[in-house]
Amino acid sequence: MKLITYAGGTLLTGDDVAEALLGYVTAHSQGEESVAVGIKVREPDGSTRTHTLVLGPATELDVADVAEESLEGEIALFPLPVFPPAHILAVQEPSAETEAEAELHAAEFNQAVEEIDQGKGM
């Protein structure tokens with residue numbers, strides 16, 4: 001069992017749920033969107049209830065082990081949350097220089113460095 005500190009409160013949930021939340025928040029910390037994720041938590045009276053967490057780029061979670069041992073049937077009581085897919089806005093593929101273009105750029109660079117060394121580039 002893990003105790004998660006989130007938005008000034010604490011939530012008691014399963015180990016796998018806590019690890020999944022940490023993984024999701026860490027992997028998506030550079031995004032610009034917030035998402036709502038429902039997780040099962042154990043209430044003070046021993047019952048379980050679904051809480052909805054809003055996760056975004058500024059989400060901070062503190063996860064701590066609970067002193068008690070793992071709860072029997074923890075995986076069934078606290079199923080893994082379903083995370084929305086990440087939205088990829090754009091992926092820019094690097095352009096491949098031809099060998100001739102690379103040689104030309106290298107020659108231009110070498111010429112510029114030589115001119116600077118000779119005091120001509122200033």
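**Close-up views of a predicted chain**

**View 1. E43 and R49 pair through their side chains in a salt bridge (3.9 Å, N to O).** A salt bridge here is a side-chain nitrogen of Lys or Arg within 4 Å of a carboxyl oxygen of Asp or Glu. Side chains of opposite charge can pair when their charged atoms come close. E43 sits in the loop between strand 3 (35–42) and strand 4 (48–55). E43 is buried, at 15% relative accessible area. Buried means under 20% relative accessible area, exposed over 50%, and partly exposed in between (1.4 Å probe, protein chains only). Beyond its neighbours within four places in sequence, E43 is in contact with R49 and H51. Contact means heavy atoms within 4.5 Å.

The model is predicted: local features need pLDDT of at least 70, side-chain atom pairs count only at pLDDT 80 or more, and totals for chains, interfaces and linings use all residues. Residues are numbered from 1 along each chain as its sequence is written, and side-chain values use heavy atoms, with hydrogens and water left out.

**View 2. K2 and D65 form a salt bridge (2.3 Å, N to O) between their side chains.** The pair links distant parts of the chain. K2 lies in strand 1 and D65 in strand 5 (residues 62–65), 63 residues apart. K2 is buried, with a relative accessible area of 12%. D65 is exposed, at 60%. The structure holds two salt bridges.

**View 3. The chain has three helices and five strands.** Helices (H or I, at least four residues) and strands (E, at least two) are DSSP runs, numbered from the N terminus. From the N terminus on, the order is β-β-α-β-β-β-α-α. Of the 122 residues, 21% count as buried. Among contacts between residues at least 6 apart in sequence, 61% join residues at least 24 apart. The accessible surface comes to about 8800 Å², and 54% of that belongs to carbon and sulfur atoms. These areas come from the Shrake-Rupley method with a 1.4 Å probe; for residues, only the protein chains shown count as cover.

**View 4. The largest nonpolar core has 18 residues.** Those with the most contacts inside this core are I4, Y6, L21, I39, L53, L55 and L61. Strand 1 (2–6), strand 2 (9–13), helix 1 (15–27), strand 3 and strand 4 each supply at least two core residues. Helix 1 gives the largest share, five residues. A nonpolar core is a set of buried Ala, Val, Leu, Ile, Met, Phe, Trp, Tyr and Cys residues joined through side-chain atoms within 4.5 Å. Leaving aside neighbours within four places in sequence, L53 is in contact with Y6, L11, L21, V35, A36, V37 and I39.

**View 5. Helix 1 has buried residues V17, A18, L21, Y24 and V25.** Seen down the axis of helix 1, these buried residues fall within an arc of 130°, so they line one face. The arc is that of the directions from the helix axis to the C-beta atoms. On the other side of helix 1, T26 and A27 are exposed. Cover for the buried residues includes strand 1, strand 2, strand 3, strand 4 and strand 5. Helix 1 has 13 residues and reaches 18 Å from its first C-alpha to its last, close to the 18 Å expected at 1.5 Å a residue. The expected span is 1.5 Å times one less than the number of residues.

**View 6. A7 has a positive phi of about 55° although it is not a glycine.** A7 lies in the loop between strand 1 and strand 2. A7 counts as exposed, at 72% relative accessibility.
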